[in-house]
Amino acid sequence: CVGTKACFKVGYNGANKPIISEGSCSGDYACSYLASNGGDVSSISKSCTDEKACRFLAAQGGKVGSISNSCTAYEACHFFAQKNGTVASISNSCNATKACYNLAYNFASSSTSFV
């Protein structure tokens, strides 16, 4: 999966529980909304490395297990776990300029995100 929005919404709304690895999903916004809206992604490893690649990744109640060596470009993790999203662990990821901007931002005081 290569190109803009290559893996866009692949685990969206609980559709499936993919494992993204070894260079999968490359391109700007490649993994945007990947596990959003109650979706679930087991793990992401060495993937989703272009600009804004992981925006809204686990937003709106989405879940992501582990993320390693991924989401490493400009604003890669913007609104990553926004509005009740959950990411179990992050290792060597979300580490470029503005990569963690609004990482777990919530619009309402009653919502909680976990990273």
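Is Cys48 buried or exposed? In this predicted model, Cys48 counts as buried because its relative accessibility is 1%, which falls under the 20% limit for that class.

**Disulfides**

The whole structure contains 4 disulfides. When the bonded cysteines are numbered in sequence order, they pair as 1-2, 3-4, 5-6, 7-8. Cys100 takes part in no disulfide, and the nearest cysteine sulfur, that of Cys94, is 5.1 Å away. Cys100 is partly exposed, because its relative accessible area is 42%.

| Disulfide | S to S distance | Angle about the S-S bond | Handedness |
|---|---|---|---|
| Cys7 and Cys25 | 1.8 Å | -85° | left-handed |
| Cys54 and Cys71 | 2.0 Å | -75° | left-handed |

The disulfide of Cys7 and Cys25 links distant parts of the chain: Cys7 lies in the segment before β1 and Cys25 in the loop between β1 and β2, 18 residues apart. Both of these cysteines, Cys7 and Cys25, are buried.

Cys31 is buried, since its relative accessibility is 0%.

A disulfide also joins Cys54 to Cys71. Cys54 is in the loop between β2 and β3 and Cys71 in the loop between β3 and β4, so this pair ties together parts that are 17 residues apart in sequence. Cys54 is buried, with a relative accessible area of 0%, and Cys71 is buried with a value of 0%.

β2 (40-45) and β3 (63-68) pair in the parallel sense over 5 bridges; Ser43 has Ser66 in β3 as its bridge partner. β3 and β4 also run parallel, joined by 5 bridges, and here Ser68 is partnered by Ser91 in β4.

The structure holds 1 salt bridge, formed by Lys52 and Glu75, whose closest N and O atoms are 3.9 Å apart. This pair links distant parts of the chain, with Lys52 in the loop between β2 and β3 and Glu75 in the loop between β3 and β4 (86-91), 23 residues apart. Lys52 and Glu75 are both buried.

Ala30 is located in the loop between β1 (19-21) and β2. Ala30 is classed as buried because its relative accessibility is 0%. Beyond residues up to four places away in sequence, the contacts of Ala30 include Cys7, Cys25 and Ala53. The C-alpha atoms of Ala30 and Glu51 are separated by 8.6 Å, although the two residues are 21 residues apart along the chain.

How values were computed. Residues are numbered from 1 along each chain as its sequence is written. This is a predicted model: local features need pLDDT of at least 70, side-chain atom pairs count only at pLDDT 80 or more; totals for chains, interfaces and linings use all residues. Side-chain values use heavy atoms; hydrogens and water are left out. A salt bridge is a side-chain nitrogen of Lys or Arg within 4 Å of a carboxyl oxygen of Asp or Glu. Helices (H or I, at least four residues) and strands (E, at least two) are DSSP runs, numbered from the N terminus. Buried means under 20% relative accessible area, exposed over 50%, partly exposed in between (1.4 Å probe, protein chains only). Two strands pair if DSSP finds at least two bridges between them. Contact means heavy atoms within 4.5 Å. A disulfide is a pair of cysteine sulfur atoms within 2.5 Å.
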